[in-house]
Amino acid sequence: MIAPRVSASLWSVPTERLEDEARRLAAAGLRTWHWDRSDGSMAPAGGFTAARARELARMTGLASEAHLMLADPVLELDDWLAFCDVVIVHAAANGVDEALARIAAAGARGAIAYAPDDAVDDRAREGDALVMSVEPGHGGAMFDPAALERISTLAPRRPRVGVDGGVTVDTARAAISAGATWIVSGTALIADPDAFLD
């Protein structure tokens, strides 16, 4: 395994292939799902409902994290906290501080996601950070190397720093060298899970 935590996003997998791909990745040794959810305010609308994500997680027996690209993530927190050990909210969302407090109170890890244009601030200095290396919701896009500098800036200040978007084995290694301890991948991981999970 190339990082302490490798999470798989199924954002780009066609609906009719979801269960087969989920079973295949679980059999390959995946341990964590990364469930994307967008209401269209920060990324193209799409991803998973909590109910569908929970069903796939139960089917495979894997841990789950929720990536809520929502204008007001507090409205859906309870649904995701019912089965996720990590919940990520975006820096630009409404009620970020309230969301992080509720996540912590539920015993889960909270994280702030930073889109490429978001200022990296000192909010939730004790919490995790997820650096977006593509515009949110654009699965399969090319990794933006500027994310590596953001990772190196955040890594000394946060317990765990991750990267999400356009992550291949090579860019994952570069992110780890910059200080990332959490890798989210979709397209590349699905194409070659052994490269990420061996």
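## Basis of the values

The model is predicted, and local features need pLDDT of at least 70, side-chain atom pairs count only at pLDDT 80 or more, while totals for chains, interfaces and linings use all residues. Residues are numbered from 1 along each chain as its sequence is written, and side-chain values use heavy atoms, with hydrogens and water left out.

## Strand S2 and its partners

Helices (H or I, at least four residues) and strands (E, at least two) are DSSP runs, numbered from the N terminus. Strand S2 covers residues 32-38, and 6 of its 7 residues are buried, so S2 is largely enclosed by the rest of the structure; buried here means under 20% relative accessible area, against over 50% for exposed and partly exposed in between, with a 1.4 Å probe and protein chains only. Strand S1 (residues 5-9) runs parallel to S2 and is joined to it by 3 bridges, with serine 9 having histidine 34 as its bridge partner in S2; two strands count as paired if DSSP finds at least two bridges between them. From S1 the chain passes through helix H1 (residues 18-27) to S2 in a right-handed β-α-β crossover, a label that applies if, with the strands pointing away from the viewer, the path from the first strand over the helix to the second runs clockwise.

S2 also pairs with S4 in the parallel sense, over 7 bridges, and with strand S3 (residues 46-47) in the antiparallel sense, over 2 bridges. Arginine 37 takes part in both pairings, standing opposite leucine 68 in S4 and opposite glycine 47 in S3. Strand S4 (residues 63-69) is itself mostly covered, with 6 of its 7 residues buried, and 4 bridges join S4 to strand S5 (residues 86-90), the two running parallel. Within that pairing, valine 86 in S5 is the bridge partner of glutamate 65.

## Threonine 32 and serine 38

Threonine 32 is found in strand S2 and is buried, with a relative accessible area of 6%. Leaving aside neighbours within four places in sequence, threonine 32 is in contact (heavy atoms within 4.5 Å) with Arg5, Val6, Ser7, Ala8, Leu62, Ala63 and Glu65.

Serine 38 likewise lies in S2, and it is buried with a relative accessible area of 2%. A polar atom of the serine 38 side chain lies 3.1 Å from the backbone nitrogen of glycine 40. Aspartate 117 is 79 residues from serine 38 along the chain, and their C-alpha atoms are separated by 18 Å.

## Nonpolar cores

A nonpolar core is a set of buried Ala, Val, Leu, Ile, Met, Phe, Trp, Tyr and Cys residues joined through side-chain atoms within 4.5 Å. The largest such core has 58 residues, and those with the most contacts inside it are Leu10, Trp33, Trp35, Trp80 and Phe196. A second, separate core of 8 residues includes Leu130, Met132, Trp182 and Val184.

## Aromatic pairs

Rings of Phe, Tyr and Trp (its six-membered ring) pair if their centres lie within 6.5 Å, with planes under 30 degrees apart counted as stacked, over 60 as edge-to-face and the rest as tilted. By this rule there are 3 aromatic pairs. The rings of tryptophan 35 and phenylalanine 48 have centres 5.0 Å apart and planes at 70°, so the pair is edge-to-face. Tryptophan 35 lies in S2 and phenylalanine 48 in the loop between S3 and helix H2 (50-60), so the pair ties together parts that are 13 residues apart in sequence. Both residues are buried, and Trp33, Trp35 and Phe48 form one aromatic cluster.

For tryptophan 80 and phenylalanine 83, the ring centres are 5.7 Å apart and the planes are at 35°, so this pair is tilted. Tryptophan 80 and phenylalanine 83 are buried, and among the contacts of tryptophan 35 are Trp80 and Phe83.

## Helix H6

In helix H6 (residues 169-178), the residues Val169, Thr171, Ala172, Ala175 and Ala178 are buried. What covers them includes helix H5 (146-154), strand S8 (161-164), strand S9 (182-185) and helix H8 (193-197). Glycine 179 follows H6 and has a positive phi, near 120°.

Terms used. Polar contact = N/O pair within 3.5 Å; in protein donor to acceptor, adjacent residues only side chain to side chain.
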